[in-house]
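Please look over the following model before reading on.

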2 protein chains.
Amino acid sequence: VSVKVILWGMGEMAKGMAKMILEKKGLELVGAIAKRKEKQDMDLGTAIGLDRKLGILVECDAAKVLAKTKRAVVLHSTNSFVSSVCGELEQALNAGHDIITIAEEMIYPWASAPEVAQKLDRVAKGSGVSLLGTGINPGFIMDTFVIALTGVCASVDKITVTRINDLGSFGPTVMRTQGIGKSVREFEDGVAAGRIVGHIGFKESISLISSSLGWKLDEIVQSREPIIARSERVTPFIRVPAGKVVGCKHIAEGKMNGRVVIRLEHPQQIRPEVDGVLTGDCIVIQGIPNIRLNINPEVPGSIGTIAIAVNMIPRVFEARPGLVTMADLPLPSAIPDDFAGFFQADKLEGFVD
Amino acid sequence: VSVKVILWGMGEMAKGMAKMILEKKGLELVGAIAKRKEKQDMDLGTAIGLDRKLGILVECDAAKVLAKTKRAVVLHSTNSFVSSVCGELEQALNAGHDIITIAEEMIYPWASAPEVAQKLDRVAKGSGVSLLGTGINPGFIMDTFVIALTGVCASVDKITVTRINDLGSFGPTVMRTQGIGKSVREFEDGVAAGRIVGHIGFKESISLISSSLGWKLDEIVQSREPIIARSERVTPFIRVPAGKVVGCKHIAEGKMNGRVVIRLEHPQQIRPEVDGVLTGDCIVIQGIPNIRLNINPEVPGSIGTIAIAVNMIPRVFEARPGLVTMADLPLPSAIPDDFAGFFQADKLEGFVD
């Protein structure tokens, strides 16, 4: 027994998901949708960098791919924003497919676009399928996993989560959107103009946490500060001298009754170890009890997002119809070998031949 | 709107749960069942150590308390073992109540007593109610939380969890069951005779993890080793000289295809800091990616168990009927203030007046 999977989006995350799925029993890749015309009719094996063919041709016509299979789980990875992806998601839902998207804003779309969230929920329910947003961050390490940890607390006064990571392996686009290599002045101008964006998803992570805890926040405030090199930092893509910007420290705070109750800090930079900074994820809960959790080094972003998107397939398959969040579903879990045992037979109708 | 709660068991955990519930909106204590006759007709406020009355009298007649309310969530904390608690659980299920029990073996009763588990599942379904086992350990820190963390892994080779805690605040019973104060020889004799038991729940934790990952284990092997004082260690209850036993290092290993894939280590001892040992919870996942997580100091056991039992009330309330595990339900979460918003109106019938 295999559940069919369609990839929508053919970037690095999709390539990783495809490779992971090929390692597993119980999942079957049946289609792939790309935006870039040069991928049309390319064999999926070639498209994801394998030296073997998979017998599945990449298509640019989404409708064609979605219509070919009666029911599948669509792994969607085309864009970060609800406004950009909502049309694609609606199309896949209308075609009768469950969806897992790694669009950052989709982990809690009510935060940025409540009307769109309501519409997607309605469309999903109409088709009897489910739609989930996930990823390592947002989607897990600074929200879902934090919520689970609060489960052992009798009370919570404040939650602080810090994720320190290394952007040293990333190319020019990330350098530009994080302001790396700029002067402090250029960085501040870039933030003001919206060219330097920092992290995407803080509003969503804070909203997911606060809704899970039953907190009604007054406001969510964000800031983006330059991280300045004390020593020269060099990557294959950029060389930044001391005094220039090597990253963006993005901070978001959720306030309730005028007090900060959730603080998320994500200083993203190249080669933090050069200045003695260790990467890691840190969760601090002030409450009863106090809890301090550290993961060192941090859970890596790319493989983490790939893994959780694929691992959630059985959860979405079993979920109630509609737009759901990571907090609505049973615990995520790795499935090291065979997914087949995780699909209830009575729900497989339409999914398998 | 309040959901009614009955306490079954009047030990320290129940007292903590009662106090926590009194701090929350949306939960209402309506009954308390004690075993010891001297608590009969004691006001619950007095029974839990408050200097005020709550207007609820503790009863030793369980049937009477269970019949008084049409539908409640029973917080059950009388004993560790399935064989000891199954009759009580069945009685409460037959009376139409949901149950959250902190009986260690109930976090995954299929491990020690599959027939009893099946029967409880059947009885719960017959009454249209749900039964969950939880707690800090087993129930969360060495199983549920570990499962959630594997969700970001594309593959998992081995899971190792270590929980180092301090038994310095515990009294004579715990000293005896852990072999504290004994010679090494006496400790080994006590383990062989079953007087020194170490931790309860390893088989259940390993089974919960392996079932979540889809691993079919060959066997679960346990050992209990003495922790020997290098320096004298003193608590209000015991003084142990160097060379004698200050704790029990309980280890359980789950093997698959002859290889250890899950290893849980729980060295429980008095005042580990005297010999330079820091308390903490450590989760190591060897896989893709590798993850190393530390919580220092460890999440405290008593308040952690109290909190997660109470925090799971809305999850059990919404659960499908039957015997469920922490891995079947949505993420645990603290509910700092008001539980009322977490109960769906259409499920409240029978629960509220």
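**A helix and its cover**

The buried residues of α5(B) are covered by elements that include α4 (82–94), β6 and β15 of chain B, where contact means heavy atoms within 4.5 Å. This is a predicted model, in which local features need pLDDT of at least 70, side-chain atom pairs count only at pLDDT 80 or more, and totals for chains, interfaces and linings use all residues. Residues are numbered from 1 along each chain as its sequence is written, chains are lettered from A and ligands numbered from 1 in the order in which they are written, and side-chain values use heavy atoms, with hydrogens and water left out.

Helix α5
- In α5(B), the residues A117(B), L120(B), D121(B), V123(B) and A124(B) are buried, that is, under 20% relative accessible area with a 1.4 Å probe and protein chains only, whereas exposed means over 50% and partly exposed lies in between.
- Seen down the axis of α5(B), the buried residues fall within an arc of 165°, so they line one face of the helix; the arc is that of the directions from the helix axis to the C-beta atoms.
- On the other side of α5(B), E115(B), R122(B) and G126(B) are exposed.
- Just after α5(B), G128(B) takes a positive phi of about 70°.

The sheet
- An open sheet of seven strands in chain B, with parallel pairing, has the order β3-β2-β1-β4-β5-β6-β15; strands pair if DSSP finds at least two bridges between them, and helices (H or I, at least four residues) and strands (E, at least two) are DSSP runs, numbered from the N terminus.
- The edge strands, each pairing on one side only, are β3 (58–59) and β15 (322–324) of chain B.
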